[in-house]
Structures are given as structure tokens and as C-alpha cells.
Amino acid sequence: MKELRIISALGIIAILLSGCYYDVEEELYPSIDCLTDNMSYANDIVPILTTDCYTCHSAAANFGNVTLEGYGELLQYVNDGSLLGVVSHASGYSPMPKGGAKLLDCEIEKIAVWIDDGALDN
Ligand code: HEC
């Protein structure tokens, strides 16, 4: 009987501890919301391109004869579907960033929503 009580006490402690651990973990890693309201070319899209694409697609670099720097330049790749195609690694498109890690889901989502909203120069 005594052992049984000790075992169940240990079991309860284990449950409590794992409960606490779980709480702490949730505080440390909150689920990150992807905010896609009011997407802006200047504030949301250009920063992604600057970090992941301009190394090769600035006006000066122009790799593959593709310049994404400047709204007018970018718009032609929006309109022919290749901007979203390359970043989402859709079949038939050369996956971008070339040789690098795929953009974060949230970044792809932001580009998709911005395009869906009319790809404004905002
Ligand atoms: C390391 C250099 C490099 C990086 C970084 C890079 N690209 Fe490219 N990109 C290229 C090259 C080279 C081509 C020419 C086609 C090929 O080789 O696949 C190309 C082609 C393209 C094309 C034309 C594809 C087609 O099917 O005609 C688009 C659009 C494009 N890139 C968008 C992007 C975007 C958006 C990013 C950032 C998320 C990016 N690229 C990052 C090198 C790069």
C-alpha cells in the first residue's frame, strides 16, 4: 500500500512537472501569426526581395537578365505569374532563391496576398 502511494505521488508529480514544462514552452515559442492585412509594396514586399533576391536581381546584378528592383520591373514578373511561381517552387518555374533556402511560408503568403490585392505600388 505504501509503495502504491509513493508511485501515485510520483506519477502526479510527473504530470504536474510536464504540465509546467508545457506551459513554459508555450511562452517561449508562441505560435507566430502571419499578418497579411494591408500588404504594402514598400513595407512588406521590398524588404523580402532586398534580403533574398536583390543579391542576384538588383538592377546592377541582373542575373539571368532578371531585375526585380523597382516596381515597374517587378510588375512584369507579377503579371506573367513567375514571381509567385518561383517563390512557391511551383512546377514549371525555376525555384528561387536560386541555390538558397525557400522563403518562409509567411513571406510567400505575404507576396501572394499582395498580388491578390492587386499588386499595388503602395
Ligand atoms: C543566387 C542568385 C539568385 C538569387 C538569390 C535569386 N535568383 Fe532568381 N534567378 C537567378 C538566375 C541565375 C535566374 C535565371 C534562370 C535560372 O538560372 O534558373 C533567375 C531567374 C529568376 C526569375 C525568372 C524565372 C523564369 O522562369 O523566367 C524570376 C522571376 C526570379 N529569378 C525571381 C527571384 C526571386 C523572387 C528571388 C528571391 C526570392 C530570386 N529570384 C533569387 C538567380 C537568383
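## Two loop residues with positive phi

At 33% relative accessibility, His-89 counts as partly exposed. You'll find His-89 in the loop between H5 and H6, and its phi is positive, near 55°, even though the residue isn't a glycine. Keep in mind as you look around that this is a predicted model.

Asn-38 is another non-glycine residue with a positive phi, about 50° here. Asn-38 belongs to the loop between helix H1 (2-28) and helix H2 (41-52). With a relative accessibility of 73%, Asn-38 counts as exposed, because the cut-off for that is over 50%. As a rule, most residues other than glycine have a negative phi.

## The iron site

Now for the metal. On the protein side, the iron atom of the ligand gets its donors from His-57 (through NE2) and Met-96 (through SD), at 1.9 to 2.3 Å. The two come from distant parts of the chain, 39 residues apart: His-57 is in helix H3 (residues 54-57), while Met-96 is in the loop between helix H5 (82-87) and helix H6 (105-116).

The ligand sits in the largest pocket. H3 and H5 are the elements that give two or more residues to the shell around it, and H5 supplies the largest share, four residues. In total, 16 residues surround the ligand, with Cys-53, Cys-56, His-57, Ser-94 and Met-96 the closest.

A few polar side chains are worth a look. Ser-94 has a side-chain N or O atom 2.4 Å from an oxygen atom of the ligand. Lys-98 places a polar side-chain atom 3.0 Å from a ligand oxygen atom. His-57 shows up again here, with a polar side-chain atom 2.7 Å from a nitrogen atom of the ligand.

One last thing to check in the backbone: the peptide bond joining Met-96 and Pro-97 is cis, with omega about -5°. Pro-97 is in the loop between H5 and H6. In general, most peptide bonds are trans.

Terms used: Residues numbered from 1 in each chain as written. Predicted model: local features only at pLDDT ≥ 70, side-chain atom pairs only at ≥ 80, totals over all residues. Heavy atoms only, no water. Donors = N, O, S within 2.8 Å, 3.2 Å for Na, K, Ca; no water. Near = heavy atom within 4 Å. Polar contact = N/O pair within 3.5 Å; in protein donor to acceptor, adjacent residues only side chain to side chain. 1 Å grid on protein atoms, 1.4 Å probe; cavity = no way out; pocket = protein on both sides within 12 Å on 5 of 7 lines; lining within 4 Å. Sits in = over half its atoms within 2 Å of the grid points. Buried < 20%, exposed > 50% of the residue type's maximum accessible area, 1.4 Å probe, protein only.
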